[in-house]
Structure formats: C-alpha cells, structure tokens
Amino acid sequence: MSQIEIKNKSIGLVLSGGGIRGMAHIGLIKAMQEHGIEADVVSGTSIGAIIGALYANGNSVEDMLQFFKETPLFKYNFFAINKPGFINTDRYFPIFRGFFPENTFESLEKPLYVVATNLMSGLEKVFSAGELIHPLLASAALTPVFSPVEINGILYADGGVMNNFPKEYVDGKVDFIIGSNVSIAGEASKKDLKNSLQLAGRVTGLMIYASSHKKLADCDLFIEPPELEKIGVLDKKGIEKAYQIGYEHGSRTLEKALATN
C-alpha cells in the first residue's frame with residue numbers, strides 16, 4: 001500500500017451503535033489523535049452518536065471515558081413509571097446537560113449528524129441542528145431497555161433499528177471517511193440461543209450487522225474488532241477493555257495506512 005496522505009484530506013468519522021462496545025470508538029479517536037488526524041465531520045448512531053457529540057464538543061479522550069464510567073446505566077430511581085421501557089431515558093438529561101451546557105448542535109466544534117428512529121412513522125430521522133441532548137438520548141434509547149424520547153410530539157428510539165452505521169450523512173462532504181463498527185455479529189453456539197430473549201437479540205444483531213457491513217467496507221479506512229463480541233452490550237465492566245481493543249485496532253490500521261511500502 002502506498003502512503004495515503006490522510007492528513008491533507010478532509011475527514012469524516014462514522015461511529016456505529018453497539019452499547020459498551022462503543023468504547024472502542026474512543027480508542028480509535030485516541031489513535032487518530034496520536035497520528036495527528038482529526039475528523040472534520042462526524043456521524044453516529046446510539047453510543048456512536050454520544051461519543052461523536054463528545055468528540056465534536058472538544059472533550060478529551062479521558063473526559064469521554066469518565067462520562068461513561070460515571071453515568072449510571074441502571075439506577076433504582078431511573079426506572080420508568082407509566083412509560084414503555086424499563087429505564088426512563090429522560091432522567092439522563094441533567095447528566096448530559098453537564099457536558100453540553102449550551103445544548104445545541106451549533107455550539108459544537110464540528111458538524112454532527114445523529115440518527116434516531118421515528119417510532120410513529122417507522123422512518124429514520126437525522127438530527128444536525130437545534131437542540132442536541134434529546135436527539136442524543138433518542139438515538140441511544142435501546143428498546144425495550146430505555147423508554148422512547150419525545151421530541152416535538154413524536155416518539156423516537158434507538159437509531160440502530162433503522163441505520164446503525166450512518167455513513168451517507170458524511171458522503172460527499174469530505175475527501176476521506178474513517179469508520180468504526182462495534183456491532184459484531186460473529187458466531188453463536190446453541191447455548192447462546194436458549195431462550196426467546198437470546199434469540200431475539202441474535203436475530204436483531206444479524207440484521208443490524210448485515211445492513212452496516214457493506215457501508216463499512218466502502219469507507220476509506222475502518223475498524224471492526226472481532227474481540228468486541230465477548231463484551232456485553234450493557235456491561236460497564238467492559239469499558240476499559242473495549243477502549244483498549246479500539247485503540248490497538250485503530251493504531252494498527254492507521255499505521256498500516258500511513259506506511260510506505
């Protein structure tokens with residue numbers, strides 16, 4: 001591979017959904033920064049949208065990791081009452097406000113595209129202007145764990161349902177696209193498919209992976225670390241491990257791309 005002059009190109013960064021596995025996105029960002037590479041435009045779904053927002057906001061890698069370590073996933077007073085879902089997503093608003101006090105896309109340092117699912121029309125919705133926090137919460141509202149988020153009278157949920165790898169929103173806006181997919185389908189054994197919940201999760205995972213994989217392969221550079229499969233989507237104990245996996249894969253991929261043979 002001849003040297004790729006990434007540093008002289010405008011760069012788009014696309015970050016998939018995938019729960020705690022998304023910490024690998026932060027590892028990739030760390031590797032990019034160590035190589036002097038910064039994205040100009042960011043697009044993300046679910047956890048990818050939140051990390052994309054923190055990155056576009058100018059938060060450090062350390063700040064991003066701390067955000068996820070300190071934000072409770074399951075807290076007794078966060079449980080939903082008279083709402084669909086187990087956790088009331090709106091209870092996270094004050095936590096997000098601490099990181100995004102101006103609460104607008106326009107206050108970010110980089111353009112950001114956030115994808116959520118319109119539960120009422122059955123269509124995907126991209127947010128890129130106006131209020132920031134509610135679209136972020138909506139994009140990451142994994143059904144049925146988190147309650148849908150209401151925006152202008154419409155209920156929105158996890159963007160991964162419709163578009164888990166929103167590459168199209170950076171297409172044509174940049175010279176070079178870097179992608180990170182953490183929704184790994186991988187192999188499954190019979191013991192992984194013992195009950196209805198496991199079966200539903202497997203089928204959903206396969207559908208999401210199939211729809212994302214082709215777009216990922218169309219990126220100029222991408223990571224899709226298979227080791228992430230062993231980390232639970234909602235397992236906060238996997239934060240550091242997923243981050244390290246993303247950093248290692250990102251570093252190797254960038255070094256290979258920048259090498260002169």
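The model is predicted, so local features need pLDDT of at least 70 and side-chain atom pairs count only at pLDDT 80 or more, while totals for chains, interfaces and linings use all residues. Residues are numbered from 1 along each chain as its sequence is written, and side-chain values use heavy atoms, with hydrogens and water left out.

Let's start with strand β6, residues 154–157. Helices (H or I, at least four residues) and strands (E, at least two) are DSSP runs, numbered from the N terminus; two strands pair if DSSP finds at least two bridges between them. Strand β3 (residues 112–118) runs antiparallel to β6 and is joined to it by two bridges, with N118 opposite Y156. Strand β5 (residues 149–151) also pairs with β6, antiparallel and over three bridges, and here V149 stands opposite Y156. β5 and β6 make a hairpin with two residues between them, and N152 in the turn has a positive phi of about 55°.

S147 counts as buried because its relative accessibility is 1% (buried means under 20% relative accessible area, exposed over 50%, partly exposed in between, with a 1.4 Å probe and protein chains only). The C-alpha atom of S147 is 5.5 Å from that of T89, 58 residues apart along the chain.
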